[in-house]
Amino acid sequence: MANKPATESTDPATTKMLLEARRAGLETAWDRFNKQQPQCGFGQLGICCRNCNMGPCRIDPFGEGPEKGVCGATADIIVARNLLRMIAAGAAAHADHARDAVIVFKEASEGRARSYQIKDDTKLKALAAEYNIPSRGERGGAADLANALLSDFGRQQGSVTFTRRAPEKRQKIWERLGIIPRGIDREIVECMHRTNMGVDNDPLHILLQGLRTGLADGWGASMIATDVQDMLFGTPSPKRSEANLGVLREDEVNIIVHGHEPILSEMIVEAASDPEMIRLAEKLGAKGINVAGICCTGNEVLMRHGIPAAGNFLQQELAVITGAVEAMVVDVQCVMPSLGGLAACYHTKFISTSPKAEFPGAIRMEFSEDRAAEIAREIVRTAVENYRNRDMSRVVIPREKSECMVGFSVEAILNALGGSPQPLIDAVVNGSIKGIAAVVGCNNPKVQHDHGHINLVRELIRNSILVVTTGCNAIACAKAGLLRPDAAREAGDGLRGVCESLGIPPVLHMGSCVDISRILVVAAAIANRLGVDISDLPVAGAAPEWMSEKAVSIGAYVVASGVYTVLGTVPPVLGSPVVTKILTKDIGDAVGATFAVEPDPSKAARLIIEHIEGKRKALGLKV
Ligand code: BF8
Ligand code: SF4
């Protein structure tokens, strides 16, 4: 690669652990990435198709070989169809996550899943009102609400309920374009149908279904997941914690929760603080039980309980290589199948828990909501008992960790502002805060680990752009110290003043990737207050190191919601000039926002700053 950085990561803990991995002769994602070079050019451009068995077909990007697949599909059709399938897969991941959360909520509300209670009654009442459910009975109509939430998945006609949370002008745009999602599952199924051989063969028409499916995710699946999880586990509020591999403890039992769903990890956090478990750990020579998170399961328990984050996506293997992890407990999504083999090189027990996700080399301790607390205790006990198998001579825990302030749900932000978004709006209007950028998403070994995240965010806050973050960007920011209130000293004067007066960091951790829905809610609230559409606001989105199909679905709904979005890694669309133009240009006329691709974080920051200044000007605000 032309501009391959000298080190794989900007994070010193990661660099140290990679050295350790190499010393120990262990392979990580970076090594496997190198072995994949050069990666398939057809795949990179998005111009290969395996959608039927007349193929696989590929289009010659140089115009010397085939211009069409066997069925006659052009590069434009193939690229658009492939992108739609990525969106469908990403939306499906969020939808299935949300569905499981609702099912637990339903069981809890019917008194079956006894390990769970409804922790946020205010949210329950608000949602019941939104779904027109009379608040009655012991649990305030919770069971009826659960059924109503479930009906948003299988709805065949009408619209996904939470799309009504969008500003009216936005809803009108969606209506005009015919992209209001009907039911969450329906849109995903339709993507798979349309991309079958011989169905939808117009790139624009295909991509509009992509936007609709994205909206079913953002204003449907992800939003439902967030709200239901808040009801069950509590709406996050500001709290302090720590992040990076240095949160692992040499003298305690370390349990890592990794994946995406808080349903089980909540129970594990509880079981790990059970005095009986702690006594058992002490009996075996440990000083206690330390739970730490990776990826979005990590974000969920960080936001609600201040459980430290051991790292983001590319650090999952490195956590095992510390030799100090008694159990790596995983559910679904972003869990590398390499973990089983790696865990086998150590004493680490790699425990898979989801009925949907099996991994080579994993011990299965399948989760079920009716026995949640019991299963969590079994898992914690397995981890604790494994402490005696730890080889202390192989333990290498990097010292690096950073303090962070997390927990900025919409409610928490409003609270910090004194109950109304007005002070934030005033700060944006008077220019102390120039705008708001949502910087989110994954890690990807195609780019230096955390480099895009940290440098983009630093540059934005320096320019007095308030950053809201979720997912692996949030963990990168936490590790870099950007989630501490005193990081405000790195911010431009205006933003610094606001942060100091409110005692908040210049980068607000809003949660896991499904919690990007919280960002939509904030954007809608600001737009409504100002009487404009989201696309009129001085706001932008960025995913500097994205890799997951979920990120493609997120990109689709963020842009369809009117937010200009800069991607740091190149999506597989460049094989079609038509699709590229639709995404980076034409779509702007339809939804008031476009995608841009810019791997260099300072140039990406420039694009965002210019965009925000343009929006300020259009609103008549000082630039
Ligand atoms: O849902 S940011 S690598 S962990 S996909 Fe995965 Fe990407 Fe991380 Fe969370 Ni989101
Ligand atoms: Fe080839 Fe068309 Fe079949 Fe795709 S759908 S594999 S382009 S024949």
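**Close-up views: salt bridges, ligand surroundings and a buried histidine**

At 25% relative accessibility, arginine 32 counts as partly exposed. That label has simple limits: buried is under 20% relative accessible area, exposed is over 50%, and partly exposed is in between (1.4 Å probe, protein chains only). What you're looking at is a predicted model, where local features need pLDDT of at least 70, side-chain atom pairs count only at pLDDT 80 or more, and totals for chains, interfaces and linings use all residues. Residues are numbered from 1 along each chain as written, chains are lettered from A and ligands numbered from 1 in written order, and side-chain values use heavy atoms, without hydrogens or water.

**View 1. Arginine 32 pairs up with glutamate 317.** Here the two side chains form a salt bridge, with 2.8 Å from N to O. (That's a side-chain nitrogen of Lys or Arg within 4 Å of a carboxyl oxygen of Asp or Glu.) Glutamate 317 belongs to helix α13 (residues 316–321) and arginine 32 to helix α2 (residues 29–35), so this pair ties together parts that sit 285 residues apart in sequence. (Helices, H or I with at least four residues, and strands, E with at least two, are DSSP runs numbered from the N terminus.) Is glutamate 317 buried or exposed? Glutamate 317 is buried, at a relative accessible area of 1%, while arginine 32, as we saw, is partly exposed.

**View 2. Lysine 401 meets glutamate 242.** These side chains make another salt bridge, this time at 3.4 Å, N to O. Distant parts of the chain get linked here: lysine 401 is in the loop between α15 (372–386) and β10 (402–406), glutamate 242 is in strand β3 (residues 239–243), and the two are 159 residues apart. Lysine 401 is partly exposed at 43% relative accessibility, and glutamate 242 is partly exposed too, with a relative accessible area of 24%.

View 3. Aspartate 586 has 28% relative accessibility, which makes it partly exposed. Lysine 581 is also partly exposed, at 43%.

**View 4. Several charged side chains join up in a network of salt bridges.** How many salt bridges does the structure hold? There are 52 of them. The residues linked in this network are Lys123, Glu130, Arg165, Asp227, Asp230, Glu300, Arg304, Glu411, Asp515 and Arg518.

**View 5. Ligand 1 and the residues around it.** A residue makes this list if one of its heavy atoms lies within 4 Å of the ligand. Quite a few cysteines turn up: Cys295, Cys296, Cys334, Cys442, Cys472 and Cys513 are among the surrounding residues. His260, Phe313, Gly441, Met547, Ser548 and Lys550 are there as well. Zoom in on histidine 260: one of its polar side-chain atoms is 2.6 Å from an oxygen atom of ligand 1. Lysine 550 also has a polar side-chain atom 3.2 Å from an oxygen atom of ligand 1.

**View 6. Histidine 347 sits in a loop.** Which elements are on either side of that loop? The loop runs between α14 (339–344) and β8 (349–352). Histidine 347 is buried, with a relative accessible area of 13%. Now find glycine 323, which is 24 residues away along the chain; the C-alpha atoms of glycine 323 and histidine 347 are separated by 7.4 Å.

Methods. Polar contact = N/O pair within 3.5 Å; in protein donor to acceptor, adjacent residues only side chain to side chain.
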